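Here is a short briefing on one protein chain. Keep the sequence and the model at hand while reading the points below.

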Amino acid sequence: MKIKNLIIFYPSFERGGVEMIIKNLINYISKKNIKIYLITLNSMNTNIIKKSKNFKIIHPKNKIFKFLPNRFSTAISSIRTLIQISKKLNSSNTVIHSMQSNFIPIIIAKFLRFKIVIRNSEDPIESIKYSEDKFSSYLIFILRFIFYNLVDKIITNSKGSSNSLKFFLFGKNKDKVKYIYNPYIEKIRKINLKKKENIILAVGRLCKQKNFKDLILSFNDFQKKFKNYKLNIIGDGYEKEMLKKLIISLNLKKKIFLKGYVKNLTKEYKKAKLFVLPSIYEGLGNVLLDALNHSVPCISTKCKSGPSEILCNGKGGILVPIKNTKLLTNALIDSIDNYKLSINKMMFAKKKIYRFYLISQSEKYINELNNVLK
């Protein structure tokens with residue numbers, strides 16, 4: 001039996017990498033005569049999704065559990081809609097694909113006898129290890145042992161995350177884990193390296209996970225040698241005020257710029273001479289793919305999942321241990337001192353980004369969804 005209907009459950013829509021992955025999947029899969037129902041409580045930029053008779057976005061009613069954390073509240077509020085849609089469709093040719101708040105849709109899918117595929121987009125062990133909410137993290141840790149063994153398939157976006165996920169599964173259930181690199185790259189860009197400016201670029205949410213504090217501290221030491229460089233950080237988040245105060249305390253207001261959310265990052269990548277990903281943990285790291293595609297040499301922390309795979313274990317960029325500002329500073333200095341080598345590394349990694357092509361990876365998604373129905 002081939003899939004005819006796909007219900008994508010993503011109640012709390014957030015800007016960033018996942019939004020782009022969902023957009024790419026919907027645009028590609030809807031061409032294959034597969035009807036897609038996207039359940040999301042929050043509004044999203046529907047302009048990024050091409051109009052299709054095979055796609056429908058459904059906004060459930062407003063949150064009814066406002067006293068709960070946002071993700072829990074939106075998930076619970078979206079469950080009624082998931083049940084209503086599922087009851088109208090045939091379970092023999094329909095798959096529920098949960099991309100967030102997985103535990104509740106797993107229960108619903110099993111109760112209604114639908115096949116369910118969940119997606120895990122970050123290293124599940126590292127995200128718990130470095131979580132700020134330890135109680136919730138430990139609770140999620142336990143629940144994963146219970147619920148992840150009930151699903152029909154778990155799709156993750158890197159080899160590293162795949163290995164971590166298998167820790168929660170028993171026996172043959174480990175075979176349910178499948179890593180599929182993000183369907184992200186639509187075309188390879190040709191960039192004029194001569195137009196690069198003395199700018200170091202970083203992109204991501206301003207939160208503990210992305211660890212921009214260490215990047216700012218490392219840049220502070222770096223700019224003592226390279227005084228004509230600037231650091232642009234793109235993104236928003238709850239650490240913004242803390243980072244602002246840090247920049248002021250280091251007297252770097254004229255050299256480090258928190259530019260907030262930027263809709264089109266092409267200009268930022270085109271003029272950047274270096275790209276840095278200082279994360280404590282990742283799932284994959286789409287921003288590294290963007291940087292490589294815009295011919296920007298990359299430095300990344302060697303967190304357990306994602307960046308090492310994109311940067312070919314250091315052949316395609318510099319990898320440094322997490323939370324080590326001294327080695328990050330050294331990497332920044334070495335990258336500029338040996339910029340031709342940095343470019344060569346970047347070109348090596350750029351030749352490998354075919355692994356993240358939209359078409360090939362979307363086809364893998366369709367194959368896995370069909371395999372689940374078999």
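This is a predicted model: local features need pLDDT of at least 70, side-chain atom pairs count only at pLDDT 80 or more; totals for chains, interfaces and linings use all residues.

Lys-153 and Glu-368 form a salt bridge, with 3.0 Å between their closest N and O atoms. This pair links distant parts of the chain, since Lys-153 sits in strand S6 (residues 153–156) and Glu-368 in helix H14, 215 residues apart. Both Lys-153 and Glu-368 are buried.

**Salt bridges**

- The structure contains twelve salt bridges.
- One of them joins the side chains of Glu-363 and Lys-32, at 3.5 Å from N to O.
- Glu-363 belongs to helix H14 (residues 358–373) and Lys-32 to the loop between H1 and strand S2 (35–39), so this pair ties together parts that are 331 residues apart in sequence.
- Glu-363 has a relative accessible area of 27% and is therefore partly exposed.
- Lys-32 is also partly exposed, because its relative accessible area is 40%.
- Another salt bridge is made by the side chains of Asp-221 and Lys-224, at 3.3 Å from N to O.
- Asp-221 counts as partly exposed because its relative accessibility is 36%.
- Lys-110, Lys-115 and Asp-152 are connected in a network of salt bridges.

**The sheet**

- An open sheet is built from six strands in the order S10-S9-S8-S11-S12-S13, and their pairing is parallel.
- Its edge strands are S10 and strand S13 (318–320), each of which pairs on one side only.
- From one strand to the next, the twist averages 20°.
- Within the sheet, strand S8 (residues 199–203) pairs with strand S9 (residues 230–234) in the parallel sense, over five bridges.
- In this pairing, Leu-201 stands opposite Asn-232 in S9.
- Helix H7 packs on the sheet and touches S8, S9, S10 and strand S11 (274–277).
- The direction of H7 makes about 170° with that of S9.

**Helix H8**

- Which residues of helix H8 (residues 240–249) are buried? They are Leu-243, Leu-246 and Ile-247.
- Viewed down the axis of H8, these buried residues fall within an arc of 100°, so they line one face of the helix.
- On the other side of H8, the exposed residues are Lys-245, Ile-248 and Ser-249.
- Why does Lys-245 count as exposed? Its relative accessibility is 60%, and the cut-off for exposed is over 50%, so Lys-245 qualifies.
- The C-alpha atom of Lys-245 is separated by 20 Å from that of Leu-201, and the two residues are 44 residues apart along the chain.
- The buried residues of H8 pack against helix H7 (212–222) and strand S10 (256–258).
- Just after H8, Asn-251 adopts a positive phi of about 60°.

**Nonpolar cores**

- In soluble globular proteins, nonpolar side chains tend to be buried together.
- The largest nonpolar core here has 82 residues, and those touching the most other members are Leu-6, Ile-200, Phe-222, Ile-233, Tyr-269 and Phe-275.
- Helix H1 (residues 17–29) gives the most to this core, with seven residues.
- A second, separate core has 24 residues, among them Phe-9, Ile-85, Phe-147 and Val-177.
- What does Ile-200 contact, leaving aside neighbours within four places in sequence? The residues in contact with Ile-200 are Phe-219, Phe-222, Tyr-229, Lys-230, Leu-231, Asn-232, Leu-274, Val-276 and Leu-332.

**A loop residue**

- Ser-131 is located in the loop between helix H4 (124–129) and helix H5 (134–147).
- Is Ser-131 buried or exposed? Its relative accessibility is 15%, and the cut-off for buried is under 20%, so Ser-131 counts as buried.
- Apart from its neighbours within four places in sequence, Ser-131 is in contact with Ser-137 and Lys-208.

Methods:
Residues are numbered from 1 along each chain as its sequence is written. Side-chain values use heavy atoms; hydrogens and water are left out. Buried means under 20% relative accessible area, exposed over 50%, partly exposed in between (1.4 Å probe, protein chains only). Helices (H or I, at least four residues) and strands (E, at least two) are DSSP runs, numbered from the N terminus. The arc is that of the directions from the helix axis to the C-beta atoms. Contact means heavy atoms within 4.5 Å. A nonpolar core is a set of buried Ala, Val, Leu, Ile, Met, Phe, Trp, Tyr and Cys residues joined through side-chain atoms within 4.5 Å. Two strands pair if DSSP finds at least two bridges between them. Axes are lines fitted to C-alpha atoms, for helices over the stretch in contact, and angles run from 0 to 180 degrees between N-to-C directions. A salt bridge is a side-chain nitrogen of Lys or Arg within 4 Å of a carboxyl oxygen of Asp or Glu.
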